[in-house]
Amino acid sequence: MSARIRSSVVLGDRSLPAGYDHPHASEEARRIAEEGTILRVQVGSGVHGTSIGGQDDRDEMGICLEPPQYVTGVARVGDGIPFEQYQRHTVWDRPGGLANRSGAGDLDVVVYSARKWARLALAGNPTVLLLLFVPDAEVVHRDEAGAELVDNAHRFVSRLAADRFLGYLTGQRAAMTGEVGAHTNRPELVALHGYDTKYAMHALRLGVQGVELLSTGRITLPVPEPDRSYLRAVRRGEVPLAEVVAAVDAAEQRLIGLRESSTVPDEPDRAWVDAWLHRSYLASWARQPTLRR
């Protein structure tokens with residue numbers, strides 16, 4: 001895959017609003033993420049093809065290589081925590097700060113340390129694995145290290161993903177149906193449709209994409225038809241709850257079956273990932289001989 005895609009990776013103003021005290025939103029964390037970004041893409045409904053009527057924020061995810069003092073030394077960021085990720089949500093800039101919920105037109109960005117991202121991806125985490133399958137049109141920034149990572153997406157795919165997809169699907173379904181202990185922050189959707197249609201769409205999407213990953217080793221983005229149109233119909237509240245629950249249950253059963261019968265490897269290629277991390281960090285540090293704090 002070509003590494004020629006380039007663009008600004010500016011992550012926000014350097015002067016953050018008063019009370020901007022999220023543990024992963026410090027100025028030092030922002031600088032580390034911005035200077036070390038190797039891959040950043042759009043994720044969320046925009047890349048899945050499931051957004052409707054301009055209701056969505058824009059979600060982006062990235063990977064960065066942090067300086068050596070944060071890996072081999074004891075340097076910390078923010079309130080003295082190790083650097084693992086940087087988060088930037090433009091909705092935090094408005095009155096109410098961290099309590100605000102993102103909506104149409106907002107930008108949500110998370111940039112993971114390559115080491116943390118790799119740990120999550122090797123475990124089959126659906127959210128971070130998605131980054132490997134985003135089409136070029138949705139790539140914000142990609143350098144040579146990022147391109148090599150995407151070219152080797154298959155090395156992260158294994159049957160371990162089955163349990164992760166099942167776990168996420170179960171959580172979304174619980175929120176969709178309002179089960180005891182589940183949380184929904186969209187009471188307006190429940191009032192209008194009788195259930196949280198966005199959680200419902202995500203539960204079914206996870207089933208569709210988990211089945212594809214365990215069957216083919218890849219995730220197609222945006223979601224192919226006819227599933228995409230059906231997911232959008234679910235999100236618009238056009239599908240009765242009972243039908244949605246049945247569809248989610250069917251996807252769950254397919255995932256359970258693939259957990260035992262999938263043709264993808266039992267385990268990811270951890271040796272390759274270790275080697276990629278090692279040479280990518282060393283190459284990044286060689287380009288930045290002066291350590292800065």
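Mentor: Gladly; we will go from the overall fold to the strands, a helix and then a pocket.

Mentor: This is a predicted model, in which local features need pLDDT of at least 70, side-chain atom pairs count only at pLDDT 80 or more, and totals for chains, interfaces and linings use all residues. Residues are numbered from 1 along each chain as its sequence is written, and side-chain values use heavy atoms, with hydrogens and water left out.

Trainee: How many helices and strands does the protein have?

Mentor: Helices (H or I, at least four residues) and strands (E, at least two) are DSSP runs, numbered from the N terminus. Here there are eleven helices and five strands.

Trainee: What share of the residues counts as buried?

Mentor: Buried means under 20% relative accessible area, with a 1.4 Å probe and protein chains only. Of the 293 residues, 51% are buried. For contacts (heavy atoms within 4.5 Å), residues 24 or more positions apart account for 78% of those with a separation of 6 or more.

Trainee: Which strands does β2 pair with?

Mentor: Two strands pair if DSSP finds at least two bridges between them. Strand β2 (residues 58–64) is joined to β1 by six bridges, and these two run antiparallel. Seven bridges join β2 to β4 (residues 107–113), and this pair runs parallel. C64 of β2 stands opposite T37 and also opposite S113 in β4.

Trainee: Why is β2 largely enclosed?

Mentor: Five of its seven residues are buried, so β2 is largely enclosed by the rest of the structure.

Trainee: And how should I read a helix?

Mentor: An α-helix has 3.6 residues a turn, so residues three or four places apart point the same way. In helix α3 (residues 114–122), the buried residues are A114, K116, W117, A118, A121 and L122. Just after α3, G124 takes a positive phi of about 90°.

Trainee: What lines the second largest pocket?

Mentor: On a 1 Å grid over the protein atoms alone, a pocket is an open set of points where a 1.4 Å probe fits, with protein on both sides within 12 Å along at least five of seven lines; lining residues have an atom within 4 Å of a point. The second largest pocket has 19 lining residues, with I38, L65, D143, A145 and R287 nearest its centre. The elements giving two or more residues to this lining are α1 (27–36), β1 (37–43), α5 (144–151) and α11 (270–287). Of these, α11 gives the most, with six residues.

Trainee: What is the volume of that second largest pocket?

Mentor: A volume is the space filled by probe spheres set on the grid points, which are joined across faces, edges and corners. For the second largest pocket, the value is about 280 Å³.

Note on methods
Buried < 20%, exposed > 50% of the residue type's maximum accessible area, 1.4 Å probe, protein only.
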